[in-house]
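Please look over the sequence and the structure shown here before reading the notes that follow. They are meant for a reader who is meeting this structure for the first time.

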Amino acid sequence: MADLEMTDFSEDAAVEFVLQHLPEEFKDGMNRSTVLDIIIYLYDYFENNGLLDLSDMESEADEEKMIDYIMKRTRRQFSPEALLAVIKLEDEYENSINDF
């Protein structure tokens, strides 16, 4: 029987994944630093709202509140659609490393 190995989350790999897959229409102003900031703000939102608690896996983030939270921290530098694209790509990256 082969050993299954779960890949660890890497901020650098997540940022690279997002930048490689982000649609052109959302790339204006996006770079490694801004994408990393968005990912950090995303996890801050999750933590501040108890969404990282593994004992409550049924809770879901309110997408509108999450986007508003991140928009405030990025000083509204990006559109809600651009932020949502980054968030969905970060989630896609996480899912890809957990597929084992």
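This is a predicted model: local features need pLDDT of at least 70, side-chain atom pairs count only at pLDDT 80 or more; totals for chains, interfaces and linings use all residues.

## How two helices cross

Helices α2 and α3 cross in a right-handed manner.

- Helix α2, covering residues 32–48, packs against helix α3, covering residues 63–73, at an angle of about 130°, and their axes lie 10 Å apart.
- Because angles over 145 degrees count as roughly antiparallel and 65 to 115 as roughly perpendicular, α2 and α3 are classed as oblique to each other.
- On the α2 side the meeting residues are Ile38, Tyr41, Leu42, Asp44, Tyr45, Phe46 and Asn48, while α3 contributes Lys65, Met66, Tyr69, Ile70 and Arg73.

**Phenylalanine 9**

- Phenylalanine 9 is placed in the segment before α1, the helix of residues 11–21, and with a relative accessibility of 35% it counts as partly exposed.
- Leaving out neighbours within four places in sequence, phenylalanine 9 is in contact with Ala14, Tyr43, Glu90, Tyr93, Glu94 and Ile97.
- Although 88 residues separate phenylalanine 9 from isoleucine 97 in sequence, the two are 7.3 Å apart in space, C-alpha to C-alpha.

**Glutamate 90**

- Glutamate 90 belongs to helix α4, which covers residues 80–98, and apart from residues up to four places away in sequence it touches Phe9, Val18, Ile39, Leu42 and Tyr43.
- Glutamate 90 is buried and yet has no salt bridge, since the nearest side chain of opposite charge, that of lysine 88, is 12 Å away, whereas a salt bridge requires the charged atoms to be within 4 Å.

Definitions and conventions. Residues are numbered from 1 along each chain as its sequence is written. Side-chain values use heavy atoms; hydrogens and water are left out. Helices (H or I, at least four residues) and strands (E, at least two) are DSSP runs, numbered from the N terminus. Buried means under 20% relative accessible area, exposed over 50%, partly exposed in between (1.4 Å probe, protein chains only). Contact means heavy atoms within 4.5 Å. Lys and Arg count as positive and Asp and Glu as negative; His and the chain ends are not counted. Axes are lines fitted to C-alpha atoms, for helices over the stretch in contact, and angles run from 0 to 180 degrees between N-to-C directions. Angles under 35 degrees count as roughly parallel, over 145 as roughly antiparallel, 65 to 115 as roughly perpendicular and the rest as oblique. A crossing is left-handed if the near helix is turned anticlockwise from the far one by less than a right angle, and right-handed if clockwise.
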